[in-house]
Amino acid sequence: MSNFLELALIAHQKGDLAEAAQLYKLHLGQAPRDVRATYGLGAISLLGGSLEGLGLIKESLLMPSDPNFDRVLAADSALATLLSRQYREHARLFLEELIGLGIQVPDFEAKLNALRIPAYLDVMA
(Lines give C-alpha, C1' and ligand atoms only; values in the text may rest on other atoms or scores of the structure.)
Protein backbone atom coordinates (compact mmCIF):
# COMPACT_ATOMS: atom_id res chain seq x y z
CA MET A 1 0.00 0.00 0.00
CA SER A 2 1.36 3.38 -0.94
CA ASN A 3 1.84 6.08 1.65
CA PHE A 4 -0.76 8.24 -0.17
CA LEU A 5 -3.39 5.50 0.10
CA GLU A 6 -2.63 4.83 3.75
CA LEU A 7 -2.89 8.54 4.57
CA ALA A 8 -6.07 8.87 2.48
CA LEU A 9 -7.75 6.03 4.34
CA ILE A 10 -6.80 7.58 7.68
CA ALA A 11 -8.04 11.03 6.66
CA HIS A 12 -11.27 9.53 5.31
CA GLN A 13 -11.86 7.62 8.54
CA LYS A 14 -11.26 10.80 10.56
CA GLY A 15 -13.77 12.69 8.41
CA ASP A 16 -11.23 14.97 6.74
CA LEU A 17 -12.81 14.41 3.34
CA ALA A 18 -11.02 17.18 1.46
CA GLU A 19 -7.62 15.87 2.55
CA ALA A 20 -8.66 12.29 1.83
CA ALA A 21 -9.85 13.19 -1.68
CA GLN A 22 -6.58 14.93 -2.46
CA LEU A 23 -4.58 11.93 -1.22
CA TYR A 24 -6.75 9.46 -3.15
CA LYS A 25 -6.07 11.50 -6.31
CA LEU A 26 -2.33 11.46 -5.65
CA HIS A 27 -2.43 7.70 -5.12
CA LEU A 28 -4.50 7.16 -8.27
CA GLY A 29 -1.84 9.09 -10.17
CA GLN A 30 0.55 6.29 -9.22
CA ALA A 31 -1.90 3.37 -9.26
CA PRO A 32 -4.85 4.30 -11.51
CA ARG A 33 -6.68 0.98 -11.06
CA ASP A 34 -6.65 0.85 -7.27
CA VAL A 35 -10.10 -0.28 -6.17
CA ARG A 36 -10.01 1.25 -2.69
CA ALA A 37 -8.81 4.65 -3.86
CA THR A 38 -11.31 4.70 -6.74
CA TYR A 39 -14.15 3.82 -4.38
CA GLY A 40 -12.97 6.24 -1.69
CA LEU A 41 -12.79 9.16 -4.11
CA GLY A 42 -16.19 8.24 -5.52
CA ALA A 43 -17.75 7.96 -2.08
CA ILE A 44 -16.43 11.38 -1.04
CA SER A 45 -17.67 12.93 -4.27
CA LEU A 46 -21.12 11.36 -3.85
CA LEU A 47 -21.31 12.51 -0.23
CA GLY A 48 -20.56 16.00 -1.48
CA GLY A 49 -23.58 15.80 -3.77
CA SER A 50 -21.78 15.06 -7.04
CA LEU A 51 -23.26 12.19 -9.01
CA GLU A 52 -19.91 11.86 -10.80
CA GLY A 53 -18.86 9.98 -7.69
CA LEU A 54 -21.36 7.26 -8.52
CA GLY A 55 -19.44 6.58 -11.73
CA LEU A 56 -16.26 6.00 -9.74
CA ILE A 57 -18.11 3.74 -7.33
CA LYS A 58 -19.52 1.69 -10.22
CA GLU A 59 -16.02 1.49 -11.71
CA SER A 60 -14.65 0.19 -8.40
CA LEU A 61 -17.32 -2.52 -8.27
CA LEU A 62 -16.17 -3.79 -11.68
CA MET A 63 -12.47 -3.90 -10.78
CA PRO A 64 -10.68 -7.16 -9.98
CA SER A 65 -11.18 -8.54 -6.51
CA ASP A 66 -9.16 -7.11 -3.63
CA PRO A 67 -9.18 -8.87 -0.25
CA ASN A 68 -9.25 -5.45 1.45
CA PHE A 69 -12.35 -4.27 -0.43
CA ASP A 70 -15.87 -5.45 0.38
CA ARG A 71 -18.03 -4.96 -2.71
CA VAL A 72 -21.29 -5.57 -0.85
CA LEU A 73 -20.45 -3.03 1.85
CA ALA A 74 -19.32 -0.52 -0.79
CA ALA A 75 -22.52 -0.97 -2.81
CA ASP A 76 -24.68 -0.75 0.31
CA SER A 77 -22.98 2.45 1.43
CA ALA A 78 -23.37 4.06 -1.99
CA LEU A 79 -27.03 3.06 -2.14
CA ALA A 80 -27.65 4.48 1.34
CA THR A 81 -26.05 7.77 0.27
CA LEU A 82 -28.22 7.93 -2.85
CA LEU A 83 -31.35 7.28 -0.82
CA SER A 84 -30.43 9.78 1.90
CA ARG A 85 -29.90 12.47 -0.75
CA GLN A 86 -33.24 11.66 -2.36
CA TYR A 87 -31.61 10.58 -5.63
CA ARG A 88 -34.38 8.02 -6.07
CA GLU A 89 -34.04 7.48 -9.81
CA HIS A 90 -30.26 7.06 -9.54
CA ALA A 91 -30.79 4.65 -6.64
CA ARG A 92 -33.26 2.63 -8.71
CA LEU A 93 -30.85 2.42 -11.65
CA PHE A 94 -27.98 1.54 -9.31
CA LEU A 95 -30.06 -1.28 -7.82
CA GLU A 96 -30.68 -2.62 -11.33
CA GLU A 97 -26.94 -2.61 -11.95
CA LEU A 98 -26.27 -4.34 -8.64
CA ILE A 99 -28.74 -7.07 -9.58
CA GLY A 100 -26.92 -7.49 -12.89
CA LEU A 101 -23.61 -7.80 -11.05
CA GLY A 102 -25.05 -10.31 -8.59
CA ILE A 103 -24.49 -7.99 -5.63
CA GLN A 104 -27.30 -8.20 -3.09
CA VAL A 105 -26.99 -5.57 -0.41
CA PRO A 106 -28.20 -6.15 3.18
CA ASP A 107 -31.86 -5.32 3.81
CA PHE A 108 -32.37 -5.41 0.06
CA GLU A 109 -36.16 -5.68 0.36
CA ALA A 110 -36.33 -2.66 2.69
CA LYS A 111 -34.36 -0.61 0.20
CA LEU A 112 -36.66 -1.71 -2.61
CA ASN A 113 -39.65 -0.76 -0.51
CA ALA A 114 -38.08 2.63 0.18
CA LEU A 115 -38.01 3.12 -3.56
CA ARG A 116 -41.48 1.60 -3.88
CA ILE A 117 -40.32 -0.93 -6.46
CA PRO A 118 -41.97 -4.19 -5.38
CA ALA A 119 -41.61 -5.69 -8.87
CA TYR A 120 -37.90 -6.25 -8.20
CA LEU A 121 -38.77 -8.58 -5.35
CA ASP A 122 -39.91 -11.12 -7.94
CA VAL A 123 -36.57 -10.83 -9.76
CA MET A 124 -34.66 -11.71 -6.59
CA ALA A 125 -36.95 -14.62 -5.55
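Predicted model: local features only at pLDDT ≥ 70, side-chain atom pairs only at ≥ 80, totals over all residues.

**Entry 1: the cores**

I started with the largest nonpolar core, which has 24 residues; Ile-57, Leu-61, Ala-75, Leu-79, Phe-94, Leu-95 and Leu-98 have the most contacts inside it. By nonpolar core I mean a set of buried Ala, Val, Leu, Ile, Met, Phe, Trp, Tyr and Cys residues joined through side-chain atoms within 4.5 Å. Buried is under 20% relative accessible area, exposed is over 50%, and partly exposed is in between, with a 1.4 Å probe and protein chains only. At least two residues of this core come from each of helix 3, helix 4, helix 5, helix 6 and helix 7 (108-114). Helix 5 gives the most, with six residues. My helices are DSSP runs (H or I, at least four residues), numbered from the N terminus.

I also found a second, separate core of eleven residues, with Ala-8, Ala-20, Tyr-24 and Ala-37 among them.

Residues are numbered from 1 along each chain as its sequence is written, and side-chain values use heavy atoms, with hydrogens and water left out.

Next I checked what Ala-75 touches. Leaving aside neighbours within four places in sequence, Ala-75 is in contact with Leu-61, Phe-94, Leu-98, Ile-103 and Val-105. Contact here means heavy atoms within 4.5 Å.

**Entry 2: helix 4**

Which residues of helix 4 are buried? In helix 4 (residues 52-62) I listed Gly-53, Leu-54, Ile-57, Ser-60 and Leu-61 as buried. Down the helix axis they fall within an arc of 115°, so they line one face of helix 4. The arc is taken from the directions from the helix axis to the C-beta atoms. Glu-52 and Leu-62 are exposed residues on the face turned away from the buried side of helix 4. The cover over the buried residues of helix 4 includes helix 3, helix 5 and helix 6 (88-101).

I then picked out Leu-54 in helix 4. Leu-54 counts as buried because its relative accessibility is 4%. Not counting residues up to four places away in sequence, Leu-54 touches Leu-82, His-90 and Phe-94.

His-90 is partly exposed, at 33% relative accessibility. With neighbours within four places left aside, its contacts are Leu-51, Leu-54 and Leu-82. Lys-58 is 32 residues from His-90 in sequence and 12 Å away in space, C-alpha to C-alpha.

**Entry 3: the largest pocket**

I put the volume of the largest pocket at about 240 Å³. On a 1 Å grid over the protein atoms alone, a pocket is an open set of points where a 1.4 Å probe fits, with protein on both sides within 12 Å along at least five of seven lines; lining residues have an atom within 4 Å of a point. Points are joined across faces, edges and corners, and the volume is the space filled by probe spheres set on them.

The lining of the largest pocket includes Leu-9, His-12, Tyr-24, Arg-36, Asp-70 and Ser-77. Helix 1 (3-14), helix 3 (35-47) and helix 5 (71-84) each supply at least two lining residues. I sorted the lining into six nonpolar, four polar and two charged residues. For that sorting, Ala, Val, Leu, Ile, Met, Phe, Trp, Tyr, Cys and Pro are nonpolar, Asp, Glu, Lys and Arg are charged, and the others, Gly among them, are polar.

Ser-77 sits in helix 5 and is partly exposed, with a relative accessible area of 33%. Ser-77 and Ala-43 are 34 residues apart in sequence and 8.4 Å apart in space, C-alpha to C-alpha.

Is Thr-81 buried or exposed? Thr-81, found in helix 5, is buried, with a relative accessible area of 12%. Beyond its neighbours within four places in sequence, Thr-81 is in contact with Leu-46 and Leu-47.

Last, I looked at Gln-86, in the loop between helix 5 and helix 6. Phi of Gln-86 is near 65°, a positive value in a residue other than glycine. Most residues other than glycine have a negative phi. Gln-86 counts as exposed, at 58% relative accessibility.
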